[in-house]
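Good morning, and thank you for coming. Please look at the sequence and the structure on the screen while I go through a few selected places.

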Amino acid sequence: AAGAVVASPSKSDPDYWYTWSRDSALTFKVLIELFIGGNKSLQPKIEQYMTAQAHLQGVTNPSGGPDTGGLGEPKFHVNLTAFTGPWGRPQRDGPPLRATALTIYANWLIANGGQAEAANTVWPIIAKDLAYTVQYWNRTGFDLWEEINGSSFFTLSASFRALVEGATLAKALGKQCPDCETNAPRILCFLQSFWASGYIDSNINVNDGRTGKDVNSIISSIHTFDPAAACTDATFQPCSSRALANHKAVVDSFRTIYAVNKGRRPGRAAAVGRYSEDVYYNGNPWYLATMAAAEQMYAAVYQWRRIGSITVDATSLPFFSDLMPNIAAGTYAKDSDTFTSIVKAVTDYGDDFIRVVKQYTPADGSLAEQYDRETGSPKSAVHLTWSYASFVGAVERRSGVVPPSWGEPKANTVPKVCEAPPRCDSAMTFNVKVTTVPGVNIYVVGSITELKNWSPADAIPLDASQYTPSNPLWSAKVTIPAGTNFEYKYIKKMSDGRVVWESDPNRSATSSTGCHSTGTLNDEWR
């Protein structure tokens, strides 16, 4: 369908013939920046994208309906119909990423006589995404790699930015953005929890068995890059000490595990993958990950030049020492030789990542998803759209072309005390009729945190106090956020320790809407 961004033309091994909300938004963010930069031929594509996204916001899908969590559905068929197969869902980064892309466009419209279109066509799409972000940012979900169900640094970074710029856009249009300004600092406060003494632990509130060193943190830094910002640690700006230390930690985590990185010592660029523990297609470098490492360097250089100085402190010193072994902590003004040397070294370092990509790119310039960790040959999906968008974004930053400010300088103060948004819960009663014998107990488990993410060991026990031979009722009351779509099943735990699951398919339901509401599910074992 027009306006659908196809992830890849690959239809098997792997099948990426879908449109992902995240990939689409990140791609159109780059295209909208190119449009603002002068390529006006892109405007019809932007209009088609908006039409497609407005349609998708109304498509009921396994994550829910338009007002019950459906905006968190990660992917759709390319004809803009729902994908109903099993997947890691919900993924909560799509709505804020889409809001950001369209906010950039709306601001351009306002500045160029398009106030009415911004208010009547673009804002309704953005408003729905911001409302979703306000409601769900403090809920766990799957990360951008679609594997980990927890709290994602990438998702929260995108959410913070979207709410900041969304609130500002609402004022410019005379619209309301309920709770956007209230929740943005709450997210910023929570983001500080991901800093792990030298790097960003990219996924928390989940026992994933990983170090947390993940390129999604670098992608986050370049997404929340604000050309008007200082080197702010709190928002992990590309030139901040935290972001630079994290860049080193993430890149270094791949140096010894890929054969293609042999001889690439610290201070030289390396092939970068998603995270060192990756096993997807045997765990390889990704083109977009390696280019993200380059783009952060270019964005940092832009910020230093605009600020007029570079500060090297204890946190960032190991990063700078790899590039300039004799450098000392201190602040170096723009007219100093050290400033000039740092800018050159960091720019060259960024260029070196691009050279790595070039080395393993076929002669026709095509960019797949991955390149083999042993040989460097392209792997997985061919012509990955996100790979091309990443290349364009890195080249733009290398050229000194930057996006408009999204308002970071006025939104980077971390509250002294972190607070969660007020809860809006539903008390859901699970009733199931199942005949049992002494020693057998019934539990419920499901797809959301409140239902223990399908973990039988942590499943919620049902009570048999109302059980009779004629009415073998087991029951439990579970607090679930209101208006939440979820899947669930009942399980039996036998006296010998065995777990017996209900037959397929999974059951699905939506918790009652309205804060402090109640709902009941009446089922029979199958």
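**A residue in helix H11**

I begin with Asp 351, which lies in helix H11, residues 337–359. Helices here are DSSP runs of H or I with at least four residues, strands are DSSP runs of E with at least two, and both are numbered from the N terminus. Please keep in mind that this is a predicted model, in which local features need pLDDT of at least 70 and side-chain atom pairs count only at pLDDT 80 or more, while totals for chains, interfaces and linings use all residues. Residues are numbered from 1 along each chain as its sequence is written, and side-chain values use heavy atoms, with hydrogens and water left out.

Is Asp 351 buried or exposed? Asp 351 is buried, because its relative accessible area is 16%; buried means under 20%, exposed means over 50%, and partly exposed is in between, with a 1.4 Å probe and protein chains only. Leaving aside residues up to four places away in sequence, Asp 351 touches Tyr 298 and Arg 398, where contact means heavy atoms within 4.5 Å.

Let me turn to the overall division. The domain assignment gives domain 1 (1–194), domain 2 (211–422) and domain 3 (425–524); such bounds come from an automatic or database domain assignment. Between the C-alpha centres of domain 2 and domain 3 there are 46 Å.

Next, helix H6, residues 180–191. Its twelve residues reach 16 Å from the first C-alpha to the last, close to the 16 Å expected at 1.5 Å a residue; the expected span is 1.5 Å times one less than the number of residues. H6 is mostly covered, with nine of its twelve residues buried, among them Cys 180, Ile 187 and Phe 190. What do these buried residues pack against? Their partners are helix H4 (115–136), strand S4 (149–152), helix H5 (153–173) and strand S5 (203–204).

In H4 we also find Asn 120. Asn 120 counts as exposed, because its relative accessibility is 57%. From Asn 120 to Leu 173 there are 53 residues in sequence and 9.7 Å in space, C-alpha to C-alpha.

S4 and S5 bring us to a sheet. Three strands form an open, antiparallel sheet in the order S3-S4-S5, and two strands pair if DSSP finds at least two bridges between them. The edge strands, S3 (141–142) and S5, each pair on one side only. S3 and S4 are joined in the antiparallel sense over two bridges, and Phe 142 stands opposite Asn 149 in S4.

A second open sheet has three strands in the order S13-S10-S17, with mixed pairing. Strand S13 (473–481) and strand S17 (517–524) each have a single partner strand, so one side of each is left without a neighbour in the sheet. Strand S10, residues 425–433, pairs with S13 in the antiparallel sense over nine bridges. Val 432 is placed opposite Trp 474 in S13.

S16 pairs with strand S14, residues 485–493, in the antiparallel sense over four bridges, and Asn 485 stands opposite Thr 510.

Thank you for your attention.
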